[in-house]
Amino acid sequence: MDERKMMIPVRKDDPFRPVYHASVPSGWGNDPNGLCFFRGAFHMFYQYNPYDTVWGPMHWGHMASTDLIHWEDLPVALFPDMPFDRGAGCFSGSALVFDGRLYVIYTGVGEDGSQQQCMACSSDGITFVKYDEPVIGSDMLPEGAPRDDFRDPKLFFRDGAFRCLVGTRIGEKGNIALYRSEDLKSFSLTGMLFPEDGCGIPMEGICECPDIHAFSGEDLLIFSPQRTYSSGDRFQNPQSTVYMSGKLDLCTGRFCASRWDEIDSGSDFYAAQAADLPDGRCVMFAWKEMWGRTMPTSARGWAGSYILPRELTVEGGRLIQSPAGEAAESFERMADFSDIPIPEGVSVSPEGVRGNVMRLRVSLAPGECSACGIRLLVSGKDHVAVYYDVRKKILFSERGSMGTLIEGNDEDTCVRRSPAGLKNGVLELDIFLDRGSMEIFINGGERTLTMNVYPRDSSSDGIEFFSVGGDASIRSLEMYLPRG
Ligand code: FRU
């Protein structure tokens, strides 16, 4: 098949094409799949419809990188060309490097809608040969799991055997199944991670995209619950991605969670997946979009982008996310300031601080004010506002005044909230602005907030600090631009 024929045209002068975030070359992309390091390069596969800018027959798109930031597009890795994946296609899955080869496991969706776990193998990391039959077929479903809601296998090796998590539901309760294999050919069901009443997250549907990583004796389980019910500051999107820290029992399959939370409080974050890299780091990517939204980039021939690589650590059961070293190194510090007053009601724009592709590290001291923050991507009345409500201890991000709006079927597509405390009277924000998006690491990555923000055009680059109900100050401010 000639891939160039499948490519839909994209605009060259695209003000929404990210500069330092991964994005699909053209067509549609959702979940990152099969993240791994193989033969000297990082590989990211992704759910790909090359024919249109909406979801459609799923292929595995493929990109590779040596620094996790600059990605090279590679030929499509998996096409929906087998009897068991010729329906909706090759759904999400994972990768495992074993014996010098790259194995991928994915969900094949047949014409009858059945979802079965299938494998393919590559020795060069580019061309994949599929197995003739699914390895976990519909005949191996856990009791009560539907054959059309059984997907997103995560393959890993632990305690002398291959293990595989598969997202599903039992009745209406989201759950995850654990399988075991000695040889990557025959698998057997070990058990379910959660009891019959499900994973404990307020949701309907299945636990999509399960993933698991070990951190000195503790397990970090990641999954994406469908149709979550909003509660307080959690679950502001129709679907979410959560982590649970705890322990997976390999004999029974049961996961005993000691703590859980949403991974990101923003509007555009889903289907996270991490990779254990040879240097010992656990690095996560996620789809930097959300189901059920308009995607302003589709008019430009593409739809689908990914977060910056985030290094994960677990401290006392709590997930901490930091921009991977490669992301930090791809920026150069251009300016730094300290102790700038933000008088109540005055817009403060430090000299030379403006831009729409940059990193801003800010320590904000609210002092006696009731709220203070930053307007970014300012042009006339257009902007995105990021501000801290001191009494509520919440960081708000509001994109309702952006030049290009995103619509969706959420209660509110514009405002997102993240709980945040002050440390020694200061709130620390590490903000990555790229064309079309903003990722905020709050207080050293204790929380993150990811939001797509599309200005009217590239002239929206003003930055203003403000405070309400009293004076605030900027304790320190550093501005970085991409190198080169
Ligand atoms: C999550 C998801 C997965 C599925 C894939 C299909 O976003 O729904 O469960 O494998 O997308 O593209």
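Leu96 stands opposite Tyr103, a residue of strand 6. Strands here are DSSP runs of E with at least two residues, helices are runs of H or I with at least four, and both are numbered from the N terminus. Two strands count as paired if DSSP finds at least two bridges between them. This is a predicted model, where local features need pLDDT of at least 70 and side-chain atom pairs count only at pLDDT 80 or more, while totals for chains, interfaces and linings use all residues. Residues are numbered from 1 along each chain as its sequence is written, and side-chain values use heavy atoms, with hydrogens and water left out.

Strand 1 (27-38), strand 5 (89-98) and strand 9 (150-158) are the elements that give two or more residues to the shell around the ligand. Among the residues in that shell are Asn30, Phe91, Arg151 and Asp152; to be near, a residue needs a heavy atom within 4 Å of the molecule. The shell splits into 5 nonpolar, 3 polar and 4 charged residues. (Nonpolar means Ala, Val, Leu, Ile, Met, Phe, Trp, Tyr, Cys and Pro; charged means Asp, Glu, Lys and Arg; the others, Gly among them, are polar.)

An N or O atom of Asp152 is 2.6 Å from an oxygen atom of the ligand, a polar atom of Arg151 is 2.8 Å from a ligand oxygen, and for Asn30 the distance is 3.0 Å.

Next, find the open sheet of 6 strands, ordered 22-32-23-28-29-30 with antiparallel pairing. Strand 22 (331-342) and strand 30 (447-452) are its edges, each with a single partner strand, so one side of each is left without a neighbour in the sheet. Strand 22 pairs with strand 32 (residues 472-482) over 10 antiparallel bridges, and Ser338 has Ser476 in strand 32 as its bridge partner.

Terms used: Polar contact = N/O pair within 3.5 Å; in protein donor to acceptor, adjacent residues only side chain to side chain.
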